[in-house]
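Q: I would like to learn how to read local features in a protein model. Could we proceed feature by feature, with the general idea placed before each case?

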Amino acid sequence: MASVAFALEARPNLVSVKDHPLLILVGLTGVGKSTLVEALGFPRLPDRRELVDLYVLPRYGVNLPIPREERFRLTRRFREEFPGGVAEVLARGFVEPRFPLLFDGLRGEAEVAYALEHLPKALFVVLHAREATRLKRLLSRQDAFDRVELRPEERAELKALAEGVLSPEELEEALALAPWEEVLAKLKIVAEEKRNYDPLGPLRLLEDHPRALILDTERLSLEEEVEAVRGFLRRLGL
């Protein structure tokens with residue numbers, strides 16, 4: 001389903017995001033958010049990538065497209081100025097009054113904590129998967145958005161980059177799926193996200209929270225994820 005209107009200024013027929021129920025997906029690249037969004041078919045806001053392109057990157061005078069590591073650098077700079085990150089952009093917005101209205105998505109404990117406090121009607125669906133699984137999914141999705149800059153001498157960095165992110169066995173599995181240059185490019189994304197957004201932070205914050213649903217996307221099928229979300233909404237009378 002197409003995105004619904006979102007603006008940072010009041011307009012006729014739009015309501016404040018702070019006063020409107022939202023279903024917010026939380027998770028890092030490769031956990032399966034986009035797949036779940038399509039399967040649910042709910043009306044949705046412009047996603048995280050679009051909000052960053054429209055309201056974050058223009059602050060720093062960049063010309064799109066840019067490599068992912070440059071996006072990480074600039075969004076990190078934005079969070080230094082606005083600790084709530086993308087959640088602060090979202091909370092300042094106005095939207096069409098539709099429900100269930102989906103936003104994909106928030107990352108990290110600070111963004112989720114800001115949304116919990118400033119979006120009292122928001123519900124959260126946290127998707128999580130191991131770094132090795134997220135890397136394999138990135139290697140298979142062939143998304144131009146995942147472009148990063150590589151230098152010829154970077155092969156020596158591969159094992160060092162994987163330290164603390166992948167086990168040696170998981171790294172070997174990844175290298176069996178794609179050339180080392182591609183594995184390095186995607187591993188940069190996984191490692192940089194882990195440095196910027198603690199994957200366990202949202203889980204600690206939202207585990208057993210009445211406004212949250214946790215989904216292990218390695219264990220559940222897509223059909224089970226969809227039913228879990230719909231059951232979550234039913235239990236809340238929505």
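**Reading local features**

A: Let us begin with serine 16, which is found in strand E2 (residues 15–16). Please keep in mind that this is a predicted model.

Q: Is serine 16 buried or exposed?

A: The general idea is a cut-off: buried means under 20% relative accessible area. Serine 16 has a relative accessible area of 18%, so it counts as buried.

Q: Which residues surround serine 16, leaving aside its neighbours within four places in sequence?

A: With those neighbours set aside, serine 16 is in contact with Gly93 and Phe94.

Q: How many residues of strand E5 are buried?

A: In strand E5 (residues 102–106), 5 of the 5 residues are buried, so the strand is largely enclosed by the rest of the structure.

Q: Where are cis peptide bonds found?

A: One joins aspartate 104 and glycine 105, with omega about 0°; glycine 105 lies in strand E5. Another runs from phenylalanine 99 to proline 100, with omega near -5°. Proline 100 is found in the loop between strand E4 (94–95) and E5.

Q: Which residues other than glycine have a positive phi?

A: Asparagine 13 is one of them, with phi of about 70°. It lies in the loop between strand E1 (6–7) and E2, and its relative accessibility of 70% makes it exposed. Aspartate 208 is another, with phi near 65°. Its place is the loop between helix H10 (200–206) and strand E7 (212–216), and aspartate 208 is exposed, at 75% relative accessible area.

Q: Which residues make the nonpolar surface patch?

A: Phe99, Leu236 and Leu238 make a nonpolar patch of about 260 Å². Leucine 238 lies in the segment after helix H11 (222–235). Its relative accessibility is 51%, so leucine 238 counts as exposed, the cut-off being over 50%.

How values were computed: Residues are numbered from 1 along each chain as its sequence is written. This is a predicted model: local features need pLDDT of at least 70, side-chain atom pairs count only at pLDDT 80 or more; totals for chains, interfaces and linings use all residues. Side-chain values use heavy atoms; hydrogens and water are left out. Helices (H or I, at least four residues) and strands (E, at least two) are DSSP runs, numbered from the N terminus. Buried means under 20% relative accessible area, exposed over 50%, partly exposed in between (1.4 Å probe, protein chains only). Contact means heavy atoms within 4.5 Å. Patches are made of residues with over 30% relative accessible area and no salt bridge: like charges are joined within 9 Å, nonpolar side chains (Val, Leu, Ile, Met, Phe, Trp, Tyr) within 5 Å. Accessible areas come from the Shrake-Rupley method with a 1.4 Å probe; for residues, only the protein chains shown count as cover. A salt bridge is a side-chain nitrogen of Lys or Arg within 4 Å of a carboxyl oxygen of Asp or Glu.
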